[in-house]
Amino acid sequence: MNKTLVRKSLLIVAIALAAALVLLRRPLSLGLDLRGGTSLILRVNVEGTSTDRIREVVEQTRQILESRINAYGVSETSIQLYGSQGNELLVQVPGVSDLSRVKDLLQSRGVLEWYSVEGGPYRSPADAAAEFGGVVPYSDKLVATRPSPSGERMWYVVRSQPVIRGTDLRDARTSVDSTEQPVTTFNLTTDAAKRFQKYTADSIGKRSAIVLDDEILSVPVIEDVIRDSGEIRGAKTVQESQDLAVKLRSGALPASIELMQQHTVEASLGADSMHRGLEAGSAGLVAVVATMLLYYRWAGANATLALALNGLLLLAALSCFGAVLTMPGIAGVVLTIGMAVDSNVLIFERIREELKAGKSVRTALTAGFSKAFATLIDTHVTTVVSCVLLFLFGTPPVKGFATTLVLGLITNLFTSVFVSRVAFDWELAMQGRAARLSLGMSGSAQTS
Amino acid sequence: MELFRNANFDFLGKKWWFILPSLALISAGVGSIVVQHGLLYGIDFKGGTQTEIRWDGIPPIGNIRSAISAKLQGVTVVAAHGTGSSNEVIVSTALSPQENVVAVRQTIENALSTISTRYSILDFQVIGPQVSEDLRHQAVMATAGASGGMLLYLSYRFRLGYAVAAVLAMGHDAVITIGLFSLLHQEISLTVVAALLTLIGYSMNDTIVVFDRVRENRRAQPRAPLISVINRSINQTLGRTVLTSGLTLLTALSLLLFGGSVLHGFSLVLVIGIVVGTFSSVYIASPILLAWDRRFDGETLAGGLR
């Protein structure tokens, strides 16, 4: 008897140590709602893409965005697939000051094209058409410049077929020219370089248009034959020209992107919620533990031990699953604590009943645990069943809630049934033959 | 210490004392939802923007409202709830389809700066209409799926009557809580949904504990009338019901009192839900079980046996 008891206790201690070790090595990270930062939900426009290609397009987009964000140098930014439709991405950026820059990096497709200019600038598409006798020729098309700060645009007529496109680029960098203006330089692949050389040789003195995402960046005049590299000027700041280089390097996105949702939490608010949540949680916990001790005496201490161990195991399990603690996750933790308290109360009340029915301490303990266990299985499995369905149909936050709860229920069965039983067995083993349980009952009811 | 020694209350005999107020609560809640043309959804569910602003001094709510209303549609400005400092306001706006999601924050900041520059934005959220539609859809699917799953499992473990009673009691709690939210003019946000899920879990738990005892007692005394078996079962589990609910209520109350604005909606649902859920296991689930038994199973020997 005592040997198995020692073995069981050692098992519990080992599990507790392992959990503590896991938590020390990989502390639970907090969600953006608790530590501040921005989360963005982007939708990749996959309309017209065949179903079997959607995955590929979205994954490619994710990788390109990741490389852009990494180039920007925001550490710990994560981009994950989001939602049930398979075409949404969740971008989480911890504490960024210049959000509009990040959004620009994420949202612009980065499609670079180089056209030869046929005419312009014009004040409006109508002016341009008038110049060509009412209709822009079939082989040409109209492109607008980027709006100036006052919101004005100019229009150019260019050849429909671009000389160079994004896929022709090999590399892009930023430098500063002799007049201290930022310049983005790019290199071309061998194939494209041949084409470009021929084009520039034929069109010296003519104008060309550098177009990014269907907007003209600049209209340089070709002064010399260019082989395998080109320059883009016109960026107002070094930063802007750097971002352009990043976009060109990472390649163009295979599909356009739409911003669906944005949530920014200031770090101070996140810390405040966290702080208050912890404070309130511990106040509640202290009240619960105090009541349990008052009501159940030693058994209350037993329950407290089980509760603490449950908390430790749950946090460790969450950390193993790489979970991030967010508000809905905390809801799951709170429910778990409630159910853990309930399990103990259920078992203790049952033991009391058995004692009142005149059973001996050991028999009452065994009967109480086994009868309460049947109830616990029903309540726990029902909750797990609902969690599985929540996980299948729910949105990501709801999934987090369901995962936390299921993990909590498993750890709870272990602590409230196994650990608590071992603690009771110790209590009896220490007392020897005429053992009594400290359950806060009026004394006369127990026989050994 | 013991709360109840040999409790022997006639719960089912006094059921109308609780069913009637509960019906009154449900009709008040549903009535308030109808009168207000639906629930007060947070932007999670209807799309739009929400900005939490900390003002340096008392915020001029009227001025803020008119300044932003001039630029955007569907503007509401309210003082942030709960927290000690009343210097925080929450500005919500609708998002028209043409509006650029990126530009809204700038528009709001521009409008605010016409009043004062001494403010800081704590929390800013934009949710597109598509996302919120998906969310509503998924919330309905998840709830229906979870209820169906529990119904199946419980009718397997108990009998159909028990399962129906438990799920109806759970629905009763959810309806009352949502109704009270409407009566109290509280917004339904994603956090509130998480709390609703929590409360459904508690309520189910409570009901199953009672039903488990009913099943056990029926096995022991198959010939006893169900009404007395249920009454005895409720009495036997009374100590655990009161203690567990009391302890969880204690936790929820401390979250409500000390948890701050972010936890306010969440803990309010829990506090309401725990109280309602505790009563519903006794006064809603058990009478339904009894009624079902009389209607479909008769007072048969096998009733409740498996």
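Eight strands form an open, antiparallel sheet in the order β3(A)-β4(A)-β2(A)-β14(A)-β4(B)-β1(B)-β3(B)-β2(B). Strands here are DSSP runs of E with at least two residues, helices are runs of H or I with at least four, and both are numbered from the N terminus. Two strands pair if DSSP finds at least two bridges between them. At the edges, each pairing on one side only, are β3 (78-82) of chain A and β2 (76-79) of chain B. From one strand to the next the twist averages 20 degrees. Angles run from 0 to 180 degrees between N-to-C directions, and axes are lines fitted to C-alpha atoms, for helices over the stretch in contact.

A word on the model. It is predicted, with local features needing pLDDT of at least 70 and side-chain atom pairs counting only at pLDDT 80 or more, while totals for chains, interfaces and linings use all residues. Residues are numbered from 1 along each chain as its sequence is written, and chains are lettered from A and ligands numbered from 1 in the order in which they are written.

Where do the chains join within the sheet? Five bridges join β14(A) to β4 (residues 119-127) of chain B, running antiparallel. A:Gln262 has B:Val126 as its bridge partner in β4(B). Strand β4(B) is also joined by eight bridges to β1 (residues 48-55) of chain B, again antiparallel, and there B:Thr51 is partnered by B:Phe124. Across β2 and β3 (88-93) of chain B lies helix α3 (residues 61-69), at about 25 degrees to β3(B).

Now the interface as a whole. 60 residues of chain A are in contact with 54 of chain B, contact being C-beta atoms, placed from the backbone, within 7 Å. On the chain A side, the largest share, 15 residues, comes from α8(A). That side divides into 33 nonpolar, 19 polar and eight charged residues. Nonpolar covers Ala, Val, Leu, Ile, Met, Phe, Trp, Tyr, Cys and Pro; charged is Asp, Glu, Lys and Arg; the others, Gly among them, are polar.

Last, a helix pair in chain B. Helices α6 (residues 160-183) and α7 (residues 190-220) pack at about 145 degrees, with axes 9 Å apart. Their contact has eleven nonpolar, three polar and one charged residues. Among the residues that meet are B:Met170 and B:Asp173 in α6(B), and B:Leu199 and B:Phe211 in α7(B).

Technical notes. Contact = placed C-beta atoms within 7 Å.
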